There are 2 protein chains.
Amino acid sequence: MRVGITTIAKMLNLSPSTVSRVINGKGNFSEETRKKVMDAVKEMNYIPNSIARKLQQKETKLIGVIIPDITETFFASVIKGIEEVLSEKGYNIFLCNTNENADKERKYVDLLYENRVDGIIVATVRNNIASDDILFNGNIPFIFIDNTPNEGNQFNSVTTDNFLAGKMAADYLISKGHTKIAAIMGKQDETTGRKRFEGFLKGLEENSISKDESLYKFCDFKEASGCRAMEELIEQKGFTAVFIASSKMVYGALWAVKKAGLVVPDDISIIGFDIIDKYQVISPGITSVIQLEDEIGKSSAKLLIEKIKNKEDKLYHQLYMEPKIIERESVKNIM
Amino acid sequence: MRVGITTIAKMLNLSPSTVSRVINGKGNFSEETRKKVMDAVKEMNYIPNSIARKLQQKETKLIGVIIPDITETFFASVIKGIEEVLSEKGYNIFLCNTNENADKERKYVDLLYENRVDGIIVATVRNNIASDDILFNGNIPFIFIDNTPNEGNQFNSVTTDNFLAGKMAADYLISKGHTKIAAIMGKQDETTGRKRFEGFLKGLEENSISKDESLYKFCDFKEASGCRAMEELIEQKGFTAVFIASSKMVYGALWAVKKAGLVVPDDISIIGFDIIDKYQVISPGITSVIQLEDEIGKSSAKLLIEKIKNKEDKLYHQLYMEPKIIERESVKNIM
DNA sequence: GCGCTTATAGCAAACGTTTGCTCATAACTA
DNA sequence: TAGTTATGAGCAAACGTTTGCTATAAGCGC
């Protein structure tokens with residue numbers, strides 16, 4: 001039904017090889033045949049079959065992108081960044097949304113292998129990937145973003161410097177005079193969550209503020225748990241500021257604050273995480289550590305392409321993006 | 001380097017065909033050879049080559065999903081819905097983010113054709129697709145979501161009933177006693193924007209409220225234009241309520257309201273669009289018409305799969321999802 | 001004219017599967 | 001016992017390209 005390169009060849013009394021060469025513009029052919037072929041291509045509405053080409057070339061120009069939840073603005077922005085550089089370089093995205101399900105993630109990795117993608121970018125929800133996992137043993141280049149499982153350096157990654165992010169949050173609050181600082185942290189089995197907390201503690205330590213374990217709540221990054229944590233803190237008392245390590249937990253926490261009849265920042269100062277809120281629809285504006293989302297996407301895509309072009313290069317790159325703080329109105333200066 | 005079906009066949013003194021049949025579990029083979037093959041598969045770490053399989057079967061199990069901006073929560077949610085049903089049915093997503101660029105969209109369509117995707121779901125930014133466009137003339141099933149270009153019924157689509165949405169907004173405001181109603185509308189060359197406005201006008205008409213063209217501002221769905229429109233309206237005066245037809249324009253408009261020192265809903269009542277805000281971080285909460293985002297995703301995926309299974313079926317399906325209104329605190333009852 | 005280079009284009013293998021057909025053998029059926 | 005059916009497995013074509021190698025003819029220097 002559909003015309004292929006051979007159909008055209010037959011029609012023009014040429015061999016498939018010449019037609020192929022004309023279409024791809026490589027090799028030698030006369031201007032005359034070039035024109036004949038191109039005309040036929042147009043007239044017969046020929047559409048190259050990438051599948052066949054990919055089989056031949058052992059290159060699919062497809063990149064698997066595995067993320068937990070495309071609905072989180074962070075990941076959406078990352079993907080946007082990825083797409084931008086990928087499409088420019090002729091690569092395309094095979095999208096895998098895992099719904100934060102480790103099992104689905106594993107299956108998607110298998111699928112990507114079967115589909116012979118040229119590379120993989122993965123924001124994993126697995127906290128420890130077995131060293132005999134296909135990811136580590138297959139020969140498809142891959143980059144971890146956001147969360148890096150496992151210790152050691154045997155992989156490439158692009159992440160925010162979460163340790164620094166946590167430290168910056170502590171430093172900031174301290175610089176505003178706070179010393180009784182609570183924290184609502186994400187999962188500690190993920191590097192994203194753990195490093196933020198470690199950095200936070202480091203910030204306290206460097207400023208000679210002693211730890212108060214009772215003020216640190218560990219949640220799952222989601223709204224509901226942030227709300228619950230804040231409720232507990234409000235009941236406990238004994239703090240003037242809170243570092244909340246994800247945007248969703250901030251939303252949940254704000255809800256708890258409102259329900260308790262308290263006011264930010266008069267009663268409680270808050271420094272959040274990933275609160276972009278470009279048009280300040282939240283009031284008071286929440287001062288927040290933010291990650292450079294699309295930079296993470298772009299950098300990971302660039303790094304991956306480098307790895308693909310240069311497969312023998314066994315060097316491991318681990319890129320850390322510096323976070324920023326956006327000052328808004330949620331932290332009271334009590335100096 | 002990598003083992004294929006033939007490598008295994010050779011190793012076991014079998015023919016590729018039997019190996020293939022064992023792996024796919026179709027055809028006849030003895031339990032003995034089944035075991036031999038399966039063992040070899042495991043031991044040699046055989047990974048099927050989907051590309052080869054796809055070439056042979058003329059089926060890629062790939063669905064092209066074209067959207068303007070994955071960063072908009074609406075599209076992210078739609079995609080999530082799509083992924084859910086697609087992955088369950090063994091299909092995968094070839095993601096195309098067009099950045100609202102019609103040209104890029106066109107190129108992506110070509111690319112999808114070259115890649116022989118089994119189907120396409122497209123939220124187009126093109127307001128009129130030529131009738132000789134490949135989409136309409138190729139033989140790949142496709143579904144429009146969100147925005148449907150062209151008149152007529154020669155395509156499948158899944159969209160919110162935007163006319164109804166606009167009408168519901170008008171009806172709601174009127175039911176609260178408002179009669180001087182402004183509107184900040186999106187692009188009128190897209191059905192999404194136009195139908196919302198038409199429905200809105202219909203609502204006025206049915207309630208015998210005469211039109212006041214000066215109160216209707218036409219924007220581009222984005223924050224900045226929403227802000228500007230609201231500034232104009234505030235300057236003009238002469239209204240008690242506004243219908244704002246996109247979430248981003250609501251954010252922009254709120255900004256303008258705040259800057260003008262006015263208060264919602266005391267000075268201005270607002271009914272927005274697509275304001276999900278599950279945890280009410282915006283205050284006052286914005287009453288809003290909302291679309292069932294993931295339902296749109298799921299339904300479009302289901303419909304597409306149906307079309308793929310049933311290519312001869314030349315029936316066109318146009319599904320309209322009923323919007324909902326979420327009542328919050330941004331509309332004052334002045335009855 | 002002779003050898004040599006260069007420009008064109010064809011041949012055929014390869015990429016890794018799937019599948020219709022054939023074939024041999026074993027197992028029934030009457 | 002002959003004829004039919006079921007079972008297990010191989011052959012080879014096909015899917016639509018790309019590409020290394022080869023063949024032919026023309027162009028050129030001498």
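These questions and answers concern a predicted model of protein chains with DNA.

Reader: Into which domains is chain A divided?
Author: Chain A of this predicted model has its domain 1 at 5–48. Domain 2 is written in two pieces, 57–160 + 293–321. The remaining one, domain 3, covers 162–291.

Reader: How far apart do the C-alpha centres of domain 1 and domain 2 of chain A lie?
Author: Domain 1 spans 5–48, and domain 2 spans 57–160 + 293–321. Between their C-alpha centres the distance is 38 Å.

Reader: Which residues touch the most other members of the largest nonpolar core?
Author: That core holds 96 residues. Ile184(A) has contacts beyond its sequence neighbours, including Leu233(A), Val242(A) and Met249(A). The residues touching the most other members are Ile184(A), Phe200(A), Met230(A), Ile184(B), Phe200(B) and Met230(B).

Reader: Which side chains of chain B have an N or O atom 3.0 Å from a phosphate oxygen of DNA strand C?
Author: Lys58(A) has a side-chain N or O atom 3.1 Å from a phosphate oxygen, but this residue is in chain A. In chain B, one such side chain at 3.0 Å is that of Asn24(B). Another at 3.0 Å is that of Tyr46(B).

Methods: Residues numbered from 1 in each chain as written. Chains lettered and ligands numbered in written order. Predicted model: local features only at pLDDT ≥ 70, side-chain atom pairs only at ≥ 80, totals over all residues. Heavy atoms only, no water. Domains from an automatic or database assignment. Core = buried A, V, L, I, M, F, W, Y, C linked by side-chain atoms within 4.5 Å. Buried < 20%, exposed > 50% of the residue type's maximum accessible area, 1.4 Å probe, protein only. Contact = heavy atoms within 4.5 Å. Polar contact = N/O pair within 3.5 Å; in protein donor to acceptor, adjacent residues only side chain to side chain. Lists of a residue's contacts leave out its neighbours within four places in sequence.
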